[in-house]
Amino acid sequence: MLLRLAHDSISSALERRAISLEPPTPHFAEHRGAFSSLYLRGQLRGCVGYVLPQFSLYRAVAETARAAAFDDNRFTPVTAEEAPHLEVELSILLRPHPIAAEEVEVGRHGLLISLHGRRGLLLPQVPLEHAWDRVTFLEQTCRKAGLPIDAWRSGAIIEGFTAEVFGEKKHLPEDPVAPIEPYPFQQK
């Protein structure tokens, strides 16, 4: 249902029609952080999300899918021709919490690293997609924050979170025939 909602949010924006953001179930009314990642032919086409729960899960998915399609400044807006071919991957987050660097588990934790008003976030699936070890994951999260890659060793705040990750993403760009298994929901 949430994957359909993400697609409908994108198509409704292209068609300039409104959709209801009223959650259809109590579960979808829960406030949760969420990220929508869009892929076109195996390549990232947009990714936007809320780290902290600001809205109902239903509204968060609708808004982040639309924003990933049209507001991710790394990409041009999705076109009407591209929209039917998008693959959506959703990451439904649990609240970030302080974590020691040695406790970070690749494939289980996402990371949020911050220092001096800068912060970077990488979702739990990112290090798996790039075959990173724990140290590389920490360094790349620092890099995303615009910090020196060793900032995690020298005063940066490290927060970890888990996420339920699921979607339609079928192939990695590097291996067009390898299926991607969904990541299980995990809590600490």
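**Before you start**

The model is predicted: local features need pLDDT of at least 70, side-chain atom pairs count only at pLDDT 80 or more, and totals for chains, interfaces and linings use all residues. Residues are numbered from 1 along each chain as its sequence is written, and side-chain values use heavy atoms, with hydrogens and water left out.

Helices (H or I, at least four residues) and strands (E, at least two) are DSSP runs, numbered from the N terminus.

**Stop 1**

Two strands pair if DSSP finds at least two bridges between them.

Zoom in on β3 and β8. Five bridges join them, and they run antiparallel. Pick E89; G167 in β8 stands opposite.

Contact means heavy atoms within 4.5 Å. Axes are lines fitted to C-alpha atoms, for helices over the stretch in contact, and angles run from 0 to 180 degrees between N-to-C directions.

**Stop 2: helix α3**

Select residues 57–70 for α3. From first C-alpha to last, α3 reaches 20 Å with its 14 residues, close to the 20 Å expected at 1.5 Å a residue. The expected span is 1.5 Å times one less than the number of residues.

Buried means under 20% relative accessible area, exposed over 50%, partly exposed in between (1.4 Å probe, protein chains only). Among the buried ones are L57, A60, V61 and E63.

Next, show F28 and Y58. Both are buried. They form a tilted aromatic pair, 6.1 Å centre to centre with 35° between the planes. Rings of Phe, Tyr and Trp (its six-membered ring) pair if their centres lie within 6.5 Å; planes under 30 degrees apart count as stacked, over 60 as edge-to-face and the rest as tilted. F28 is in α2 (26–29) and Y58 in α3, so the pair ties together parts 30 residues apart in sequence.

**Stop 3: the sheet with β5**

Select β4 (97–98) and β6 (118–122), β5 (110–115) and β7 (157–161). They form an open sheet in the order β4-β7-β5-β6, with antiparallel pairing. β4 and β6 are its edges, each pairing on one side only. Five bridges join β5 to β6. L115 stands opposite R118 in β6.

**Stop 4: the cores**

A nonpolar core is a set of buried Ala, Val, Leu, Ile, Met, Phe, Trp, Tyr and Cys residues joined through side-chain atoms within 4.5 Å. The largest has 27 residues; I113, L121, L123, L138, L147, W152 and I158 touch the most other members. Which strand gives the largest share? β5 does, with four residues.

Centre on I113. Its contacts beyond four places in sequence include R118, L138, L147, W152 and I158.

Finish on the second, separate core of 24 residues, which includes F28, L38, L57 and A60.
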